[in-house]
Amino acid sequence: MNVASAIQQRRAVRHFDPDHKMTKKETAKLLSLALHSPTAFNIQNWRFVVVEDMELRKKIKAASWDQDQVTDASLLIILCADLKAWKKEPLRYWRSAAQPVQEFIVPAIENYYEGIDQVQRDEAMRSCGIAAQTLMLAAQSMGYDSCPMDGFDFEKVGELIHLPDDHAICMFVTIGKAIGDPEPPKDKLPMEEVIITDTF
Ligand SMILES: Cc1cc2nc3c(=O)[nH]c(=O)nc-3n(C[C@H](O)[C@H](O)[C@H](O)COP(=O)(O)O)c2cc1C
């Protein structure tokens, strides 16, 4: 499947086959594709919590307006971000770069994020949002369906997964085999309303 088809065919799916299991190989392929997503300064601040424990999934479902996708999808991935990834040995993000590049980039990373919580959080959400779309399109290309989700109690889910203090949850992506009639395409706004040339 080419990228344009994956983009056009993806729908937010609400009904997954609860009996379908993805193989470990498929899951590994999907996650490894997600790791190709870009991040600013290559800090790779996303963390993918893959929830395998069905008892935990049931508790998460209860904190997610009882949405069936949480337990019925083959994969529940909680996209989290390490808000402090920028200062955790940043040299490792540029390990194989030439020394002058390393000497430039490491202080640049620190200058960009140091002391500005809003920038750290915005960046985390950007990284995870892009990774979420990569996951969904990769899933589509592998014959799977997906649903992006933020209809849940962030604090409660954070407690359930023991989210570290310096991390934030961005969203869920659920992935599996859709059942039932395919979701019809959603209404989209006209291009004239959402594409702006040069200035507002
Ligand atoms: C950040 C985000 C959060 C969402 N949260 C939920 C959710 O909690 N439950 C749900 O059923 N759909 C959720 N959706 C799916 C949207 O309702 C859906 O993407 C939108 O209606 C457009 O439909 P489409 O994805 O099929 O084109 C979410 C989508 C996004 C991008």
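The model is a predicted one. The chain has 200 residues, and 39% of them count as buried. Its secondary structure comes to eight helices and four strands.

**The chain as a whole**

- Taken along the principal axes, the box that the C-alpha atoms fill is roughly 55 × 45 × 35 Å.
- The accessible surface of the chain is about 12000 Å², and carbon and sulfur atoms account for 55% of that surface.
- Take the contacts between residues at least 6 apart in sequence: 79% of these join residues that are at least 24 apart.

**How the strands pair**

- Strand E2 (residues 75-82) runs antiparallel to E4, and eight bridges join the two. To find this pairing on screen, look for Asp82, which stands opposite His167 in E4.
- E4 also pairs with E3: five bridges join them, and this pair runs antiparallel. Here Cys147 has Thr174 in E4 as its bridge partner.

**Around the ligand**

- The ligand has 13 residues around it, and the ones that come nearest are Arg10, Ala12, Arg14, Gln67 and Asp150.
- Sorted by class, this shell holds six charged, four nonpolar and three polar residues.
- Which strand gives the most to the shell around the ligand? Strand E3 (residues 145-149) does, with three residues.
- In the side chain of Arg10, an N or O atom is 2.9 Å from a ligand oxygen, while for Arg14 a polar side-chain atom lies 2.7 Å from a ligand oxygen.
- Gln67 faces a nitrogen atom of the ligand, with a polar side-chain atom 2.7 Å away. The ligand on its own has 620 Å² of accessible area, and the protein covers 68% of it.

**A closer look at Ala12**

- Ala12, one of the residues that come nearest to the ligand, sits in the loop between helix H1 (3-9) and helix H2 (24-34).
- Is Ala12 buried or exposed? Its relative accessible area is 18%, and because buried means under 20%, Ala12 counts as buried.
- Leaving aside residues up to four places away in sequence, Ala12 touches Ser146, Cys147, Pro148 and Glu183.
- Ala12 and Met149 are 137 residues apart along the chain, yet their C-alpha atoms are separated by 9.0 Å.

**Two residues with a positive phi**

- Asp66 is not a glycine but has a positive phi, near 55°. You will find Asp66 in the loop between helix H3 (54-62) and helix H4 (69-72).
- His162, another residue other than glycine, also has a positive phi near 55°. Where does His162 lie? His162 is in the loop between helix H7 (154-160) and E4.
- Why does His162 count as exposed? The relative accessibility of His162 is 69%, and exposed means over 50%, so His162 falls in that class.

Note on methods
Residues are numbered from 1 along each chain as its sequence is written. This is a predicted model: local features need pLDDT of at least 70, side-chain atom pairs count only at pLDDT 80 or more; totals for chains, interfaces and linings use all residues. Side-chain values use heavy atoms; hydrogens and water are left out. A residue is near a molecule or strand if one of its heavy atoms lies within 4 Å of it. A polar contact is a pair of N or O atoms within 3.5 Å; within protein, one must be able to donate a hydrogen and the other to accept it, and residues adjacent in sequence count only if both atoms are side-chain atoms. Accessible areas come from the Shrake-Rupley method with a 1.4 Å probe; for residues, only the protein chains shown count as cover. Ala, Val, Leu, Ile, Met, Phe, Trp, Tyr, Cys and Pro count as nonpolar, Asp, Glu, Lys and Arg as charged, and the others, Gly among them, as polar. Two strands pair if DSSP finds at least two bridges between them. Buried means under 20% relative accessible area, exposed over 50%, partly exposed in between (1.4 Å probe, protein chains only). Contact means heavy atoms within 4.5 Å.
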